[in-house]
Amino acid sequence: MKLTSLQKLIDLKGKTAIVTGGALGIGFGIAYRLAEAGANVVVADINEDAGRKAAQELNNNEWQSMFVKVDVSNEKDVQSAVDLVVKTFGSIDILVNNAGIYPIISVIQMTSSDFEKILNVNLKSVFLFTKAVAEVMINKGKGGKIINITSIDALHPSSVGLAVYDASKHGLWGFTKNTALELAPHNIQVNAIAPGGIATPGTGAGKPVTPEMEAILKKFLEKIPMKRMGEPDEIGKTALFLASDLSSYMTGSQIVVDGGVLLS
Ligand SMILES: NC(=O)c1ccc[n+]([C@@H]2O[C@H](COP(=O)([O-])OP(=O)(O)OC[C@H]3O[C@@H](n4cnc5c(N)ncnc54)[C@H](O)[C@@H]3O)[C@@H](O)[C@H]2O)c1
């Protein structure tokens, strides 16, 4: 059997990728590696300033990127973003469902609207994007890759105050496995990445945003066997593996990238 060269395996030239929440943090780490590998990268984010800056930074490296403003929990926004990407680049080959929120609110204090917001941004959004993008992939008949960013909290709770977040991520892991089954006949591979603690704007990137977050991070850090937080690029490199031909026989899997914290 003739083996494809390593360079060719990770070459994403001619492919188009959407990265939700691609403006900052893990999303930008993923957008960076996919753009470096040659993909046209669409940064789909609600934060217009950061999103435009992110796309510009990728374009400055002579890579291809475009920003699209989208609230991932809004069906109309999602459909018009997908339509615009198809109009601009002709197809969509890779979808990374990364946008997510993780407010720390105990169940006792949580309102129904907090609950709905977390579920809408973390889970309904993935349904909306998967449905719209899978339709394009199926019509084009060239298959595709869908990568869902779950969390170690999809497997085991990391801290108190994240009950509804954990429900959204357990849900996303279930959704990943079942869509992998449904879309396999169309050569669309669906996998997940479960990050542990990653230094991003959302976690304070070394400078925690709230005293609650600071306390949680301090406790969490003590439990990490590798004794450090992960970097967004460490998720970016894993996403490149799942977006490329390096993962040609994988679907319905979840890769844990957590410095060993689930072991402790
Ligand atoms: N950072 C971690 O330690 C960690 C650990 C496990 C899982 N995750 C998951 O990784 C993903 C990214 O986390 P992060 O730490 O990089 O977050 P972050 O808060 O640093 O960045 C999130 C990005 O998503 C965007 N976003 C938020 N709501 C949106 C919406 N409604 N529509 C469009 N864009 C929206 C933000 O504008 C921002 O650019 C999330 O799904 C999170 O649950 C993060």
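Helix 4 (residues 75-89) packs against helix 5 (residues 112-140) with their axes 9 Å apart and at an angle of about 30°. Helix 4 is therefore roughly parallel to helix 5, a term for angles under 35 degrees, while over 145 is roughly antiparallel, 65 to 115 roughly perpendicular and the rest oblique. The model is predicted: local features need pLDDT of at least 70, side-chain atom pairs count only at pLDDT 80 or more, and totals for chains, interfaces and linings use all residues. Residues are numbered from 1 along each chain as its sequence is written.

**Helix 4 and helix 5**

- Helix 4 passes helix 5 in a right-handed crossing (the near helix is turned clockwise from the far one by less than a right angle).
- On helix 4, the contact is made by Glu75, Val78, Gln79, Val82 and Val86; on helix 5, by Leu128, Phe129, Ala132, Val133 and Val136. Contact requires C-beta atoms, placed from the backbone, within 7 Å.
- Eight residues of this contact are nonpolar, one is polar and one is charged. Nonpolar covers Ala, Val, Leu, Ile, Met, Phe, Trp, Tyr, Cys and Pro; charged covers Asp, Glu, Lys and Arg; the others, Gly among them, are polar.

- Seven strands in the order 3-2-1-4-5-6-7 form an open sheet with parallel pairing (strands pair if DSSP finds at least two bridges between them).
- Strand 3 (64-69) and strand 7 (254-257) are the edge strands, each pairing on one side only.
- On average, neighbouring strands of this sheet are turned by 20° against each other, direction ignored.
- Six bridges join strand 5 (residues 144-149) and strand 6 (residues 188-195) in the parallel sense.
- Ile149 stands opposite Ile193 in strand 6.

**Helices across the sheet**

- Helix 3 (residues 48-60) lies across strand 2 (40-45) and strand 3, and runs at about 170° to strand 3.
- Helix 5 lies across strand 1 (16-20), strand 4 (94-97), strand 5 and strand 6, and runs at about 180° to strand 4.

**Helix 2 and helix 8**

- The axes of helix 2 and helix 8 (residues 232-243) cross at roughly 50° and come within 7 Å.
- Helix 2 and helix 8 are therefore oblique to each other, and their crossing is right-handed.
- Residues making the contact include Gly25, Ile26, Phe28 and Gly29 of helix 2, and Pro232, Asp233, Ile235 and Gly236 of helix 8.
- This contact of helix 2 with helix 8 has ten nonpolar, three polar and three charged residues.

**The ligand**

- The ligand is surrounded by 30 residues, of which Gly21, Gly25, Gly100, Thr200 and Gly202 are the closest.
- Helix 2 (residues 25-36) gives the largest share of the shell, three residues.
- The shell has 15 nonpolar, 13 polar and two charged residues.

Definitions and conventions:
Axes fitted to C-alpha atoms, helices over the stretch in contact; angles between N-to-C directions. Helix = DSSP H or I, 4+ residues; strand = E, 2+ residues; numbered from the N terminus. Contact = placed C-beta atoms within 7 Å. Near = placed C-beta within 6 Å.
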